[in-house]
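Subject: Structure handover and contact notes

Hello,

Please find the structure below. My notes on it follow.

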Amino acid sequence: MKKLYQLNSTLTLLMVVLFMGCTKKEVATDTKLSYSFSASNLNASLSSNASASGAVVAAGTNGSINWTTASVNVAKIEFSATKSGSGAINLETKNLYLVNALKPDSLSGTVSLASGVYENNQFNLTLASSLTNPPLLLTGTYIEASGTKIPVRFEMNQAQVVKLEAKRVEVTAGTYVAKVTVQLNALVTGLTASDFGQTTRTGTNNMIVISSTINKALYEKLVARFTSTLSVDFSKK
């Protein structure tokens, strides 16, 4: 009887261990993270003095650049962070494509998260061409100091990877948004009116087309400034 009792005790202990092993699960994801894109400061000064360019002005101001459309082709977003108790995490969202940055807080893509403290938050945005659209397309009007209005099309037709960082955040169950903001006035900060004035014009309306092959000098200046226009804020909706 004693041996049988010992055998039963051993079997019971083994079953408890197996049950614990089978029922152990990772912390459930109870949070959704979406991405939004929005453009701001669409109207900026263009002065003969570089230090005066880039100031936010009223739409239609003489000596300014006024953007009226802004679209971004986002091929991929990689979110990486350090989560308390879990270490490093990496999440990926693909094929968002053609985000209208002038539509307020338009949401694109969603990933699942678990509650906790997230630090070292980094978002890597891959901007790439689709079949019909470039990574970034801005259209608008350059208004000379005299008041003459000239249409502008800035086509960033080369893929870009932009790295953005967000502050530490304590995530609780619910919905969060990583809001990417494009401050368009920063595109022309440090430039002058002559950067736009001394350009090749295209078509019957004398449009200023800015791409890697047309008005390349201005194109390279705008591309160099593009990263500085972007920021991200990670917050609860």
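Leaving aside its neighbours within four places in sequence, which residues is Asn 66 in contact with? With contact meaning heavy atoms within 4.5 Å, they are Leu 42, Asn 43, Ala 58, Ala 59, Gly 60, Thr 139, Gly 140, Thr 141 and Ile 143.

Some conventions before the rest. This is a predicted model, in which local features need pLDDT of at least 70 and side-chain atom pairs count only at pLDDT 80 or more, while totals for chains, interfaces and linings use all residues. Residues are numbered from 1 along each chain as its sequence is written, and side-chain values use heavy atoms, with hydrogens and water left out.

Overall

The chain has three helices and 15 strands; these are DSSP runs numbered from the N terminus, with helices (H or I) of at least four residues and strands (E) of at least two. Of its 237 residues, 43% count as buried, where buried means under 20% relative accessible area, exposed over 50% and partly exposed in between (1.4 Å probe, protein chains only). Among contacts with a separation of 6 or more, 75% are between residues 24 or more positions apart.

Asn 66

Asn 66 sits in strand E3 (residues 64-72) and counts as buried because its relative accessibility is 6%. Its side chain reaches the backbone nitrogen of Gly 60 at 3.2 Å. The side chains of Asn 66 and Ser 64 are joined by a polar contact of 2.9 Å. A polar contact is a pair of N or O atoms within 3.5 Å; within protein, one must be able to donate a hydrogen and the other to accept it, and residues adjacent in sequence count only if both atoms are side-chain atoms.

The largest nonpolar core has 57 residues. Such a core is a set of buried Ala, Val, Leu, Ile, Met, Phe, Trp, Tyr and Cys residues joined through side-chain atoms within 4.5 Å. Leu 33, Phe 79, Phe 123, Phe 154, Phe 196 and Phe 234 have the most contacts inside this core, and H3 gives the most to it, with five residues. Leu 33 is in contact with residues including Phe 79, Phe 123, Tyr 176 and Phe 234.

In helix H3 (residues 216-226), the buried residues are Leu 218, Tyr 219, Leu 222, Val 223 and Phe 226. They are on the same side of H3, because they cover an arc of only 135 degrees around the axis, taken from the directions from the helix axis to the C-beta atoms. Ala 217 and Ala 224 are exposed on the other side of H3.

Aromatic pairs

Rings of Phe, Tyr and Trp (its six-membered ring) pair if their centres lie within 6.5 Å; planes under 30 degrees apart count as stacked, over 60 as edge-to-face and the rest as tilted. By this rule there are eight aromatic pairs. Phe 79 and Phe 234 have ring centres 5.8 Å apart and planes at 80 degrees, so this pair is edge-to-face. Since Phe 79 lies in strand E4 (residues 74-83) and Phe 234 in strand E15 (residues 230-236), the pair ties together parts that are 155 residues apart in sequence. Both Phe 79 and Phe 234 are buried.

Phe 154 and Tyr 219 form another edge-to-face pair, 6.0 Å centre to centre with 70 degrees between the planes. Phe 154 is in strand E10 (residues 149-156) and Tyr 219 in helix H3, 65 residues apart. Phe 154 is buried at 0% relative accessibility, and Tyr 219 is buried at 2%. One aromatic cluster is formed by Tyr 35, Phe 79, Tyr 118, Phe 123, Tyr 176 and Phe 234.

Asn 41 is not a glycine but has a positive phi of about 55 degrees. Asn 41 is in the loop between strand E1 (31-40) and strand E2 (43-45) and is partly exposed at 28%. Asn 215 also has a positive phi, near 55 degrees; it is in the loop between strand E14 (208-210) and H3 and is buried at 13%.

Val 180, in strand E13 (residues 174-183), is buried at 2% relative accessibility. Val 180 and Ala 39 are 141 residues apart in sequence and 8.6 Å apart in space, C-alpha to C-alpha.

Regards
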